[in-house]
Amino acid sequence: MLSLPPVQKLLRPKLVAGSDAAEEVTSPWPAALSTLMWCRHDDLKEMLDSNKDSLKLEAMKRIVAMIARGKNASDLFPAVVKNVACKNIEVKKLVYVYLVRYAEEQQDLALLSISTFQRGLKDPNQLIRASALRVLSSIRVPIIVPIMMLAIKEAASDMSPYVRKTAAHAIPKLYSLDSDQKDQLIEVIEKLLADKTTLVAGSVVMAFEEVCPERIDLIHKNYRKLCNLLIDVEEWGQVVIINMLTRYARTQFLSPNQNAEAASLAKRKPYVMDPDHRLLLRNTKPLLQSRNAAVVMAVAQLYFHLAPKAEVGVIAKALVRLLRSHSEVQYVVLQNVATMSIKRRGMFEPYLKSFYIRSTDPTQIKILKLEVLTNLANETNISTILREFQTYIRSMDKDFVAATIQAIGRCATNIGKVRDTCLNGLVQLLSNRDELVVAESVVVIKKLLQMQPAQHSEIIKHMAKLTDNIQVPMARASILWLIGEYCEHVPKIAPDVLRKMAKSFTNEEDIVKLQVINLAAKLYLTNSKQSKLLTQYVLNLAKYDQNYDIRDRARFIRQLIVPTEKSGALNKYAKKLFLAQKPAPILESSFKGTHSACRIWGHGVVFLKPESDSEESGSSSSSGTSSSSSEEEEEEEEEEEEEGSGEQSEDKEGEEEEEKRKKRKEKGGLRKVSPRSMGSEEEEEAEGKKVKKAAGPQGKKGHAETSSEEASASESSSSGSDSGTEAPTVVEAKRRKTVRTGLEGGWEDPCPLLTPLSSTFLPWSPREWAWWPTLSCGPWQLLSPAFGAVRTYELLHRMAGEGLSVEYCFSRRPFPGDPHMVAVQIQISNNTDAEVKSLRVSEPKLLAGMRIQEFPEIESLAPGDTASVVMGIDFCDSTQAANFQLCTHTRHFYVSIQPPVGELMAPVFMSENEFRKEQGKLTGMSEITEKLTLPEKCRSDHAIVQQVTSAANVGRVPCGADNEYRFAAKTVTSGSLVLITLEWREGAAAQLTVNSEKMVIGTMLVKDIIQALAQ
């Protein structure tokens, strides 16, 4: 590298693998920074127009210092770009730093200097060549794609590894600008993958992952070289390479654990690890000592998936070491440890004390450590862990105390010998002064008592007495459910509890009222002499309640339990419906299951399995892999075993079946892209059909409840478990399956579902959001939106479409194919007398960066029929329209979809403190404030929330102030936070504030919300 003066070394851009932007440039002139306050841009322009290089250099230093401080210097672009041809190298370097920052915003002016950039590519100085290529790739105009392509090809053959690294950085930029160049870019990537320089390795692997991750064949011949170079690559390059090699190894090598077990059971020759597999494990192990937490996490991920059980333990010590880092790193590490400790508990047991909670830990860290401690609990260490839990209950952090009580409940469920001890400890907590502690204890005790209700009638009596003191709705509802469910154990107390609750019925929360009605119905059926009049009184109160759920429940139960002439056959079965034995809930970790692991690791690939003995040791980077037929046979055997074991709960079945369905899809995808898969294309297609057939029946079961806690929650809030609403649930599940066929099943079916639909679009029920992945949502959890009236837009009028009419709406659902796309639900109606065939999307004309996922082709649409399909569009956080052609077998119609700004985001949940903290970061230019006057019909809480959520897909944030409303969301594409605050002042005056780093989105959102509130 050329030697630079000390001053220029400070100004030289700092380059990181996978990023080609010039980062913060630190200026060594604090005096120059202070003079920026009085030095106007006119002075800088004069200095840039000067003939003296010293003045130009001083001006450029000041401008770069302004950029480093976050100041806007875009109005100086014309004056700066003129100096791109300056002969002074120091000036030229700083000009290029400036141009990389602003070339995308000032594309027209940058294009005027395109010839200068091309000359810069031939400059003898490697830094100038690299800077010229970086600026050229920053001008995102399709017309210069051929020039960029030529420049990248030349730079890929440059003598300087620094320039070759820059060429690798430019490849993803060109691909996002024009994906048609993919084939040529793959040739460049193949050339750069052969590069033996550590400086280039990380950048080219990143380009490979962005452009052609399915081309595993490009890695085969470079696999050993990448493994050997790994130790010398810079840190962020190591992360990228390790992640890629993990994916590669999981698809190309045999699983060391599954195959070793299979060999021992079948008494075949022992499994021998492939030498290339061993090479990867050997070369990554030293990186567990890296100072970079991301590198350690990547290696831990690799070992967790690829190492034999006997060797996985080495990652535990490295992960525990990371717990000494700052809280952000701790949070990510603990998320992973919580997932791993479920499958491999013994790995972390020696480090149990490292997960003990400190008083200085943030709440989210405390809760994650609790999760790990609960996962590690066994009969040996449970006494130690319970002593720790006793200490934690005295904490002042109420969320943490509630989580501790839940953890005690899980320990009692998992370890039978301490169940009574835990139950007695929780009963003692019922006398605690803190109402929230008592309430959480009641909820957990309720779940534990369901396991052995007959042995603990005294506890139920004790809890019945608490109804006078506990005011938390969920706790009151839990007590009432327990008394109603086990009223035969407390025959004298139950009617008295009903009498007390009837007195306060009108003042209770809705969830409590529902359980009072259930209690009344159960007592009427078991003890009608004492409770007949009370039940009638409660049902009469509920009949005129403001909540329609409570009114409907009262009418339904009255008809069900009180025999009349109009009563149907269900009256005979009232006791069986209400007093049926409920299964005890299974308290499981929220991290259990494939979904958690895939969310943490970001990998959904699976190992290949051997077909015969001869292939057990024959899988290497130069040999063929196992065929897919054995995989399907093993999966079918597993399914038969599952069907045979009827003792498993519905929840577990649903989870396992959903896991298998996911794995099948992933395996199907891998067979299509893996260059090592054996057989012809026809065989692959046949296998794909088999997979679809195998997944078919599972789809019918896939809507089972995913956890028993969800089941108990539904018991508290509805009479589904108490009133026998199984038939409506089945009907609802069928309706959901009908609506979701085109949404959840990916894009494998050749023809979408054709169903006559009404003119309105049906939103999903909240339970259907359970599968929405929470990846890339930071510390905030994605919420399912509150659906209101869905606004539809006309895409094609029946007159313009010659009888074909098309409408669309933004369904506010996550798009299954890509979380960065907005889901657009399209309804196509055939109003003609003839059949319309081959309905499809063609020739999308999109702006740079935008993407579209077309809906599957509709083979035919009969006269009068309507089809509902879903397509995904990545609008790149922009309200620019997506233009495309809607084609039939005879006509082509040009249509466009333009999104309102409020549909470019997804709601997130955050606490009040998190909201304030994030709002404090988004001030200045990131904050837009407008005053408004609220109309009379929009001066209630319900009306304000409804209008704001109808204008934008945002989630409500809890707020302590009565006159303030807060909402939060993240943009779908980039994940940028959008925070909304509406402060209602005296009378009709109000102030709306939107905080977002996307200033254009913020400005447009303010206008839309004000317009919605004014309606």
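**View A. Glu 843, at 47% relative accessibility, counts as partly exposed.** Buried residues have under 20% relative accessible area, exposed residues over 50%, and partly exposed residues lie in between, as judged with a 1.4 Å probe on protein chains only. This is a predicted model, in which local features need pLDDT of at least 70 and side-chain atom pairs count only at pLDDT 80 or more, whereas totals for chains, interfaces and linings use all residues. Residues are numbered from 1 along each chain as its sequence is written, and side-chain values use heavy atoms, with hydrogens and water left out. Glu 843 is found in strand β5, and its phi is near 45°, a positive value in a residue other than glycine. Most residues other than glycine have a negative phi. Helices (H or I, at least four residues) and strands (E, at least two) are DSSP runs, numbered from the N terminus.

**View B. Strand β9 (residues 882–887) pairs with strand β5 and with strand β10.** Two strands pair if DSSP finds at least two bridges between them. Strand β5 (residues 836–845) and β9 are antiparallel and share four bridges; Val 841 has Leu 886 in β9 as its bridge partner. Between β9 and strand β10 (residues 892–897) there are six bridges, again in the antiparallel sense. Here the bridge partner of Ala 882 is Ile 897, in β10. A hairpin of four residues leads from β9 to β10. Is β9 mostly covered or mostly uncovered? The strand is mostly covered, with five of its six residues buried.

**View C. Cys 876 lies in the loop between β8 (866–874) and β9.** Its phi is near 55°, which is a positive value in a residue other than glycine. With 29% relative accessibility, Cys 876 counts as partly exposed.

**View D. Strand β3 (residues 804–814) pairs with strand β2 and with strand β4.** Strand β2 (residues 792–796) meets β3 in the antiparallel sense over four bridges, and Leu 796 has Val 806 in β3 as its bridge partner. The pairing of β3 with strand β4 (residues 822–830) is also antiparallel and runs over eight bridges. Within this region, Glu 807 stands opposite Gln 827 in β4. Ten of the eleven residues of β3 are buried, and the strand is thus described as mostly covered.

**View E. The largest nonpolar core has 208 residues.** A nonpolar core is a set of buried Ala, Val, Leu, Ile, Met, Phe, Trp, Tyr and Cys residues joined through side-chain atoms within 4.5 Å. Those with the most contacts inside this core are Tyr 98, Leu 99, Ile 315, Leu 319, Phe 355 and Phe 389. Helix α19 (residues 293–306) gives the most to the core, with eleven residues. Domain 1 (41–265) and domain 2 (453–562) both contribute residues, so the core lies between them. The domain bounds come from an automatic or database domain assignment. Apart from this core lies another, of 61 residues, including Phe 875, Ile 897, Phe 967 and Ala 990.

**View F. Phe 389 is in contact with residues including Leu 370 and Cys 411.** Contact means heavy atoms within 4.5 Å. Neighbours within four places in sequence are left aside; the other residues in contact with Phe 389 are Leu 373, Thr 374, Thr 404, Ala 407 and Ile 408, together with Leu 370 and Cys 411.

**View G. Gln 301 lies in helix α19.** Its relative accessibility is 5%, so Gln 301 counts as buried. Gln 301 and Thr 246 are 55 residues apart in sequence, while their C-alpha atoms are 8.0 Å apart in space.

**View H. Helix α11 (residues 161–177) has 17 residues, and helix α16 (residues 235–252) has 18.** The expected span of a helix is 1.5 Å times one less than its number of residues. Helix α11 reaches 25 Å from its first C-alpha to its last, close to the 24 Å expected. Helix α16 is mostly covered, with 15 of its 18 residues buried. At the start of α11, a side-chain oxygen of Ser 160 comes to within 3.2 Å of the backbone nitrogen of Tyr 162.

Methods
Polar contact = N/O pair within 3.5 Å; in protein donor to acceptor, adjacent residues only side chain to side chain.
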